[in-house]
Amino acid sequence: MRGLDTPVREMRRKVFEEVARIAFHSTPETLINDIESVPYKLVTEDYEGYRESVYRSRSIVRERVRLAMGMSLRPENRPSHLTAGIEESNIAEKYYEPPLMQVIPSACSACEENKIEVSNMCKGCTAHPCKEVCPVGAIHFVYGKVPHSEIDQEKCIKCGKCKQVCPYDAIVKKERPCAKSCGVNAITTDRLGRAFIDNDKCVSCGMCMVACPFGAISDKSQIFQLGRALQSGQKIIAEIAPAFVNQFGDQITPRNLKAALHELGFFEVYEVALGADIGAITEAHQYVEKVVTGELPFLLTSCCPAWAVLTKKYFPDLVGSVSQELTPMVATARTIKRDHPGAKVVFIGPCASKKLEASRRTVRSDVDFVITFEELQAMFDALGIDLTQYESVSSFHDATGAGRGYGVAGGVANAIEKCINTYYPEVEVKIEHAEGLSECKKMLTLAKLGKKNGCLIEGMGCPGGCVAGAGTNLPIAKAQKSVKEFVHNSTKAVPPKELAEIVLK
């Protein structure tokens, strides 16, 4: 479903837009009424949705509005008004509180968790290879007007051998989409058969959210608090992630985006790729100083929070090999706050997991807000900002192609490799990278077994890299192509040695 403008995605964007509009335009006297009216505004009596009633649709929108305002879902056993607890969210500074990803119970369709069954495509063939290969005798043949195979679900072990040999593709494997997309098996089932997220396992990558065809999983947002802050006239500076290219339209240039952000109320705009350049320099140095000398068996990149949390939760004995360099988000934020004391910093990117990274106590003073490209588009829409009508006198000139390449899978390792080749030409570097949590787990397992010694290992929680994050607007392939073109057209390919000398002092 990635890249498709489905009704689920449309409703999600409408909720963000309404919450942003409330943030900018509501008064203390109208706030409660404005929020309570959103479900009725978005789901009218003649609403043609895919739920069985407008009442259920409105109930789901209510929960989406709460999450969009940074609040948690209402308890099922204690129904309350949409705005219950609003005082906790109607504040200038509200950090994300875990759990970030939440299942909306009224939206979940209680999909079957894992089941193999025979469809009506079965021809009842004489060979019945499905029955012959079943190792536990779970398949029997039903004779009658329409002969067909059946699977005894109590005996079935879900091995899939029958599916593999069926000549008519008549055997299907049903999997819960959110669970299938989760690379750490954090999706389980509650007592009513609905999806449940085990937060002890979850790394908040958001892949379950974009995989759910019912829109039953959503994340919290700071869009309301940021709108309030921008409206107040505070000095707020945006740092925008490398994956931004074409996220707001094929014809939207960096100049258009920069000017539109100023129109929204931002004081200045920085590239997060600036922090990525700093990270590439530092991690190149760490590789030479730590891995080449044998002090560390390998070096794990640190920029992807889902990858870093995966390592800490599932491979704690490898934490010492994770680079100690600040992530590009934090490195850029610290640069901004050094240049603009007292300013608030907003990270704008594709990643849901960055929301929790910014909530860490060691990062809270650096990054004040995190919103996604999807949420930023909703803010533009709420204020009627047409990006084509704005153009800044200057584009982005903060970073090099190396840092801008962080937006795609393999780009981080490629940037570090280029830095090593430039600053340490005598050093041979061995590169590995993994994308998607399942592949990341395999890579870390191999590293733990000593199969990746001497390597620089890049991990990306989302398949495709940052451009595949849960908060993006573009199809992944198109976004990858756009970022690669931006990298190619950059004035400088690698951070100059002068910058490296300053960074490494």
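How many aromatic pairs does the structure hold? The structure holds 6 aromatic pairs, where rings of Phe, Tyr and Trp (its six-membered ring) pair if their centres lie within 6.5 Å. The model is predicted, so local features need pLDDT of at least 70, side-chain atom pairs count only at pLDDT 80 or more, and totals for chains, interfaces and linings use all residues. Residues are numbered from 1 along each chain as its sequence is written, and side-chain values use heavy atoms, with hydrogens and water left out.

**View 1. The pair of Phe244 and Phe486.** The ring centres of Phe244 and Phe486 are 5.5 Å apart and their planes stand at 80 degrees, so the pair is edge-to-face (planes over 60 degrees apart; under 30 counts as stacked and the rest as tilted). Phe244 lies in the loop between β9 (236–240) and α10 (254–264), and Phe486 in helix α19 (residues 476–488), so the pair ties together parts 242 residues apart in sequence. Helices (H or I, at least four residues) and strands (E, at least two) are DSSP runs, numbered from the N terminus. Both Phe244 and Phe486 are buried (under 20% relative accessible area, with a 1.4 Å probe and protein chains only; exposed is over 50%, partly exposed in between). Phe244, Phe396 and Phe486 form one aromatic cluster.

**View 2. The pair of Phe248 and Phe373.** This aromatic pair is edge-to-face, with 5.8 Å centre to centre and 80 degrees between the planes. Phe248 lies in the loop between β9 and α10, and Phe373 in helix α15 (residues 373–382), so the pair ties together parts 125 residues apart in sequence. Phe248 is buried, with a relative accessible area of 11%, and Phe373 is buried with 0%.

**View 3. Lysine charges over rings.** The charged end of Lys235 sits over the ring of Phe267, 4.5 Å from its centre; the criterion is NZ of Lys or CZ of Arg within 6 Å of the ring centre and within 35 degrees of the ring normal. The charged end of Lys354 sits over the ring of Phe347, 5.9 Å from its centre.

**View 4. The two sides of helix α19.** The buried residues of α19 are Ala479, Ser482, Val483 and Phe486. Seen down the axis of α19, they fall within an arc of 95 degrees, so they line one face of the helix; the arc is that of the directions from the helix axis to the C-beta atoms. These buried residues pack against α10, β10 (268–271) and α16 (401–404), where contact means heavy atoms within 4.5 Å. The face turned away from the buried side carries the exposed residues Ala477, Lys481, Lys484 and His488.
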